[in-house]
Amino acid sequence: HEFFVDMTCEGCSGAVTRVLNKLGGVQFDIDLPNKKVFIESEHSVDLLLETLKKTGKNATYVGAK
């Protein structure tokens with residue numbers, strides 16, 4: 001799954017890393033310059049999006065990768 005997350009710095013990507021690691025059962029790549037997060041997971045898109053929003057950043061679902 002591909003998500004857009006409004007990240008501007010390493011701190012932002014760190015926050016994304018923390019919330020996704022807490023959720024568990026996910027493999028992900030963060031593309032900071034393009035503000036994208038690619039997630040491989042069994043979790044629903046809604047749950048992943050909700051988790052990303054816990055960072056306080058604007059997050060939207062782009063689509064299946």
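**Exercise 1.** In which helix is the place of Thr 51? Decide also whether Thr 51 is buried or exposed.

*Solution.* The model is a predicted one, in which local features need pLDDT of at least 70, side-chain atom pairs count only at pLDDT 80 or more, and totals for chains, interfaces and linings use all residues. Residues are numbered from 1 along each chain as its sequence is written, and side-chain values use heavy atoms, with hydrogens and water left out.

Step 1. Thr 51 has its place in helix H2. Helices (H or I, at least four residues) and strands (E, at least two) are DSSP runs, numbered from the N terminus.

Step 2. The relative accessible area of Thr 51 is 4%, so Thr 51 is buried. The cut-offs are under 20% for buried, over 50% for exposed, and in between for partly exposed (1.4 Å probe, protein chains only).

Step 3. Apart from neighbours within four places in sequence, Thr 51 is in contact with Val 19, Leu 20 and Leu 23. Contact means heavy atoms within 4.5 Å.

**Exercise 2.** Work out the strand order of the open sheet, and find which strands are the edge strands.

*Solution.* Step 1. The four strands of the open sheet follow the order S2-S3-S1-S4, and their pairing is antiparallel. Two strands pair if DSSP finds at least two bridges between them.

Step 2. Strand S2 (26-31) and strand S4 (59-63) are the edge strands, since each pairs on one side only. From one strand to the next, the twist averages 25 degrees.

Step 3. Helix H1 (residues 10-23) packs on the sheet and touches S1, S2 and strand S3 (36-41). The direction of helix H1 makes about 175 degrees with that of S2. Axes are lines fitted to C-alpha atoms, for helices over the stretch in contact, and angles run from 0 to 180 degrees between N-to-C directions.

Step 4. Helix H2 (residues 45-53) also packs on the sheet, touching S1, S2, S3 and S4, and its direction makes about 145 degrees with that of S4.

**Exercise 3.** Trace the bridges of strand S1 (residues 2-5) to S4 and to S3.

*Solution.* Step 1. S1 and S4 run antiparallel and are joined by four bridges. Phe 3 has Tyr 61 as its bridge partner in S4, and Phe 4 stands opposite Thr 60 in S4.

Step 2. Three bridges pair S1 with S3 in the antiparallel sense. Here the bridge partner of Glu 2 in S3 is Phe 38.

**Exercise 4.** Describe the one aromatic pair that the structure holds.

*Solution.* Step 1. Rings of Phe, Tyr and Trp (its six-membered ring) pair if their centres lie within 6.5 Å; planes under 30 degrees apart count as stacked, over 60 as edge-to-face and the rest as tilted.

Step 2. The ring centres of Phe 3 and Tyr 61 are 5.1 Å apart and the planes stand at 55 degrees, so the pair is tilted.

Step 3. Phe 3 in strand S1 and Tyr 61 in strand S4 are 58 residues apart, and the pair links distant parts of the chain.

Step 4. Phe 3 is buried, with a relative accessible area of 0%, whereas Tyr 61 is partly exposed at 32%.

**Exercise 5.** Is Gln 27 buried or exposed, and which residues does Gln 27 touch?

*Solution.* Step 1. Gln 27 lies in strand S2. With 55% relative accessibility, Gln 27 counts as exposed.

Step 2. Not counting residues up to four places away in sequence, Gln 27 touches Phe 38, Ile 39 and Glu 40.
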